[in-house]
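Dear colleague,

Please find below the structure that I am handing over to you, together with its sequence.

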Amino acid sequence: MEFVEVFDSPGKGRGLRATKELWAGDVLFSEAPFASVVFDGHAACVCHGCFRRQEKLQRCGQCRFAQYCDRTCQRAAWEEHKLECAAIKNYGKAPNESVRLAARVMWRTDKEGSVVSDLQLSTMDELEDHISDMPEEDMKDLKVDIHNFLDFWPRSSKPHTVDSISHILGVINCNGFMMSDQRGLQAVGVGLFPNLCLINHDCWPNCTVILNNGNQSAIDTAFHSQKRIELHALGKISPGEEVSVSYVDYLNLSEDRRRLLKQQYFFDCTCEHCTNKTKDDLKMAGAEVEGVPVPEENVKEITENSRKMLEKMEQARIEANYNEVVKICRECVEKQENVLADTHIYQLKMWSTLSEVLSYLQFFEEAAFYARKMVEGYLKLYHPNNAQLGMATMRAGVTHWQAGHIEVGHGMICKAYAILMITQGPTHPITKDLEAMRMQTEMELRMFKQKEYVYHQMREAALQNQPMRMMAEPFNESIKSLFRRK
Ligand SMILES: [Zn+2]
Ligand SMILES: [Zn+2]
Ligand SMILES: [Zn+2]
């Protein structure tokens, strides 16, 4: 490894540190998964080789479970699927994603050993499984998985002890990395990346990790299904400095982040932002009306009320009842106005949801209004190169473009582009999409400045052709925590 090395991080166990000076956007390393699987819920709509979402997929004729874009993807994935394919056929069905992933890890380790490349800094045995920390309920699930694994595991494969199976399942539970489809909008699978597992968490990290699903080009078939994660520096990192990523969304309050981290990853976060409760005050702040702060009890009351409304809204969203979502949000936003500060996270959550759902329902003007408020709030809370900030700014830019606010829209798309160049890098499909949008909005802006009516005519045509198909149906799950969370 050129830029990182393993070291003993005080109080955290093993970690990775930089060996050279690094700058924003630098790629510290990239890593292919040791093993990965598509989630049960996405098995029918995502290619099991490259994890791209596709309209039409070809089913594996043997097991009738795995699906692929084409022969190229199928051939590239065969080495990983071969033994699994026979096992599924034998077992009569595919077991759940954890069992499938554990089996893939075992098959690979049996065949190639626990270190499969010179660049791999850790073996599967060395990774934490946190079995002894697991709550009783999770232990029950684990036992069921072990049972299913033993049933699924073919007699012709090398037998494994219950201890080693439970170790791998434990590793998957707390180290599995969620993998998204090519647009990065939704987690569709989970993989194990041994080097990534060595990186410790910090709520205000100096790196971010992204998944690159590989280049989809006819000439480049060798890379067709080479999914890799990449670690990007968010700012300057000095030699010797520990490298960190965040497992949770910074928008959560420090106590909520610590609770989530304890639950899922079994450690107490002692990062600077948690210790100092940095920005917690902004995230719960009340508004000032004409220079006078709103009384604390009012802020408390509306905060409490918003919490309940958020739950109701989430429920309506799960049911895909978008008109109800809008109704709840509008009602809530009205109450929050002039009581909660523009950085209050419950208000930001409402603005974000409103803009997303309204834009889906094609109320672009109102969607743009809330998208802008959301981005302004985010700017005060997130690290300037945070990937979520970049994605939100992109969404807001598109919404403004849709609403016909070409100047603001173009400005936002440029800002988003600058962030995503660092967090995703220039070759990532989202960055490429964004570059195309930046060029189109730039051209439109020029036209707008010359002749306004020509611009409006052109925009109508563009909207009808829908060249910017960024607004997928709002997803229930967000990509906020890239790491697996139950
Ligand atoms: Zn594919
Ligand atoms: Zn098959
Ligand atoms: Zn923290």
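Predicted model: local features only at pLDDT ≥ 70, side-chain atom pairs only at ≥ 80, totals over all residues.

Overall architecture

The protein chain contains 15 helices and 14 strands. Its radius of gyration is 24 Å, close to the 23 Å that the globule rule gives for 486 residues, so the chain is as compact as a globular protein of that length. Of the 486 residues, 43% count as buried.

An open sheet of 3 strands is arranged in the order β4-β8-β7, and its pairing is antiparallel. The edges are formed by β4 (35-38) and β7 (177-180), each of which pairs on one side only. On average, and with direction ignored, neighbouring strands of this sheet are turned by 30 degrees against each other. Between β7 and β8 (residues 187-192) the antiparallel pairing extends over 4 bridges, and Ser180 has Ala187 in β8 as its bridge partner. Helix α2 (residues 97-112) lies across β4 and β8 and runs at about 150 degrees to β4.

A separate note concerns the hairpin of β1 and β2. Strand β1 (residues 4-9) and strand β2 (residues 13-18) run antiparallel and are joined by 6 bridges. Within this pairing, Val4 stands opposite Ala18 in β2. The hairpin has 3 residues between the strands, and Gly11 takes a positive phi near 80 degrees.

Helix pairs

Two packed helices are described by the angle between their axes and the distance between the axes. Helix α11 (residues 364-381) packs with helix α12 (residues 387-402) at an angle of about 155 degrees, and their axes are 8 Å apart. As angles over 145 degrees count as roughly antiparallel, α11 and α12 are therefore roughly antiparallel to each other. Their crossing is left-handed. On the α11 side the contact involves residues including Phe364, Ala368, Arg372 and Tyr378; on the α12 side, Leu389, Ala396 and His400 are among those taking part.

For helix α13 (residues 406-423) and helix α14 (residues 429-450), the packing angle is about 150 degrees and the axes lie 9 Å apart. That angle makes α13 roughly antiparallel to α14. The crossing of α13 and α14 is left-handed. Residues of α13 in this contact include Ile406, His410, Ile413, Tyr417 and Leu420, and they meet residues of α14, among them Ile430, Leu434, Arg438, Leu445 and Phe448.

A buried methionine

Met350 belongs to helix α10 (residues 345-360). Is Met350 buried or exposed? Since 27 other C-beta atoms lie within 10 Å, Met350 is buried; the cut-off for this is 20 or more. Leaving aside neighbours within four places in sequence, Met350 is in contact with Cys329, Cys332, Val333 and Gln336. Met350 and Ile328 are 22 residues apart in sequence, with a C-alpha to C-alpha distance of 9.1 Å.

With kind regards

Methods:
Residues numbered from 1 in each chain as written. Chains lettered and ligands numbered in written order. Pairing = 2+ DSSP bridges. Helix = DSSP H or I, 4+ residues; strand = E, 2+ residues; numbered from the N terminus. Axes fitted to C-alpha atoms, helices over the stretch in contact; angles between N-to-C directions. Contact = placed C-beta atoms within 7 Å. Rg over C-alpha atoms; globule rule 2.2 N^0.38 Å. Buried ≥ 20, exposed ≤ 12 C-beta atoms within 10 Å, placed from the backbone. Parallel < 35°, antiparallel > 145°, perpendicular 65-115°, else oblique. Left-handed = near helix turned anticlockwise from the far one by under 90°.
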